[in-house]
Each structure stands twice: as structure tokens, then as C-alpha cells.
Amino acid sequence: MLSRPRRNRQSAAIRGLVQETHLSANHLVYPLFLVDGNNIKQEVSSLPGNYRWSLDLVLGEVEACLKLGIQSFILFPSIEDQYKDKTATHSYSDQNFYLSCIKEIKSKFPEACLISDVAMDPYSSDGHDGYVNDQGEIENDTTLPILGKMAVAQAQAGIDIVGPSDMMDGRVSFIRQSLDDAGFTNTGIMSYTAKYASAFYGPFRDALDSAPKGGDKKTYQMDYHNSVEALREAELDTLEGADFLMVKPALNYLDIIQSLKSASDLPIAAYHVSGECAMLIAACQKGWLDYETAMPETLTAIHRAGADVVISYFAKDYAKRLKA
Ligand code: PBG
């Protein structure tokens, strides 16, 4: 036998020499759920170890993450029912605590990169990402100006990158134009390019109380039977001015991550979503899997598949391991 692959695996030092993938904290984005009020740190029951934070307490959490080397955060608001309506007006209102949180976190930690969520669902009385008309249809073009206003309000608050997660057609160019018209030419767009209608968003919807009141999201989010269609979405988002292309979820869609990575010269992000994390947490709690080994294997797989940016609820734990 001339060729023995095991020779390059025989010690930690040799394995280190040939290691192909390195996932550092630079590539990680940590999601944080925000809630209005004071002194609130409420665990999300279907996503243990993750919380709805009030601004006063989330500042400490951001600081702790920065010390661990995590520099990027994606922020989601939990909105009280009384502020929800059909057109998500609260999303760009002066009274929206989410915008004050962005402002405050940014002024305390200017070095942090803050990413927003642009979609109607947390603010919509229908729980959909777009405007629902009387026939129950999600109206694409009626939704765009709402998303544009939301993105500009977030940019005014100091967001670095807006994250349209709504899957309306044409929203990247609409948002780009809205931002540019308002003078925010440097605010980036991380587009949820290939976002699938997935069963794995459950814990996130629990955290924000944002589940659709009727129907599902299949007329706008992608069908999980499809992969070529993701390339079409990627091409459109690129032409429309996106700065990052995102695939979501991550683990069941590693093939999509790989195909976008090879088709595009834009950075690719992958969102390791709430349900994917919850599965692993639950198996570890039962003692069926070991978190300390299964968690880094999972995040590394997403990076190896081609995701430059890995968004995960495990980001903080991963960064802690790197420091240890
Ligand atoms: C809302 C949005 C969702 C997620 C991110 N932004 C849920 C949905 O589309 O219903 C899911 C993230 C996760 O599950 O961690 N537009």
C-alpha cells in the first residue's frame, strides 16, 4: 500500500497541519431576542439557554460576547399585541423600543456589528411577513414600501446591516433605493436569499409570539423540494444590490449553501435556526448526545459547506470553547 491516508491523522499535531476548515469567532453572528421593559431575562422554553432580554440586561450580554470575540449580533423584537396591526406601523414608529435598543447598543458598543430583521411578522396582527389582504393573500407590492420604511428607521437608529427575511420579490432593490434616498449608502443588506418554508422555525416563533394567525408561509418562502430556484433568487438579490446572500435553515440545506458559494462571489451566510439548535439541545439534555463535541461539529459543518458567516444560537458557547 503506497497511499495510507491514516498517516496524516496519527497525532493532534499532524491533524493540525492538514486541517482544512477553521471556524473562528469572526465568522459568527449571535441572535438576541429583545423585549420592552426593565430587568427582564426570560428564557425561551423551547430554546433553553436563550432569552428575551430587556435593554438594560442585554447590554451586559453584548459586552460578554464581545469579550469572547463575537463581534456581530442579529437582533429580533418581541412586540406586545397592542402594537400589532395589519400594516406593521409600529415597526417604524418613534415609540418602537427595538429602534431605541439599536441606538443604545450601538452607542455603548460602536465596534459591534448590528444586524436587523426586516419583515412584518413581529409587528403584524396577521403574523405574516407581508401585507395580508381581505382575500387572505399576501400582497407583494403593497408590502415593499412598509419594508422600505422599516429599513430606513433601523438605519436611522444606527444599524450596520439590515436583514430582509420576508421573501417578497423585489425587496432588496426597494430597500437599497430607500436607504440610498435617505442617505444611508453605507448601510449593508444581508438578504435572506434562499429562505425555505421550514418546520424548524418553531422556537423562534415562540420567542417572538410571531406565528402566522392563519395559513402558512409557502406562497413566499421557498419550497424545500427545490434547489435550482435558490440560484435564481441569488442572481436577483445580487443584481438588486445585496451585500450578503443567506441560506436558511442551514443543516438541512448544506447543499444549497455549497451551490450558492460556488455560484456567487458575494459572501454567503447561513442561519442555523432555532429548531435546529433545539433538536441538539434536547438530545443533549436527555444524555443522548454530548453538547461539547456535537455543537462544534455542527457549526463547523455549516462553515465547511461554504458559509462564510454562521448565524447560530450556539455562537456564544462556541466562542467560549475557543477561549478555553
Ligand atoms: C421572520 C423570521 C423568522 C426567522 C428569522 N426571521 C421566522 C419565520 O420566518 O417565520 C426564524 C429564525 C429561527 O428559527 O431561528 N421573518
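How do the residues in the lining of the largest cavity divide by class, and how many are nonpolar, polar or charged? The lining has seven nonpolar, three polar and seven charged residues, where Ala, Val, Leu, Ile, Met, Phe, Trp, Tyr, Cys and Pro count as nonpolar, Asp, Glu, Lys and Arg as charged, and the others, Gly among them, as polar. The model is predicted, with local features needing pLDDT of at least 70 and side-chain atom pairs pLDDT 80 or more, while totals for chains, interfaces and linings use all residues. Residues are numbered from 1 along each chain as its sequence is written, and side-chain values use heavy atoms, without hydrogens and water.

A cavity is a set of points, on a 1 Å grid over the protein atoms alone, where a 1.4 Å probe fits but cannot get out, whereas a pocket is an open set with protein on both sides within 12 Å along at least five of seven lines; lining residues have an atom within 4 Å of a point. The largest cavity holds about 130 Å³ of space, and among its 17 lining residues Asp121, Lys195, Tyr201, Phe204 and Lys248 lie nearest its centre.

The second largest cavity, with about 40 Å³ of space, is lined by residues including Tyr30, Phe33, Trp53 and Glu61, and its lining comprises six nonpolar, two polar and one charged residues.

The largest pocket, finally, holds about 260 Å³ of space and is lined by 13 residues, with Met167, Asp169, Thr219, Tyr220 and Glu233 nearest its centre; by class, six of the lining residues are nonpolar, three polar and four charged.

Definitions and conventions
Points joined across faces, edges and corners; volume = space filled by probe spheres on them.
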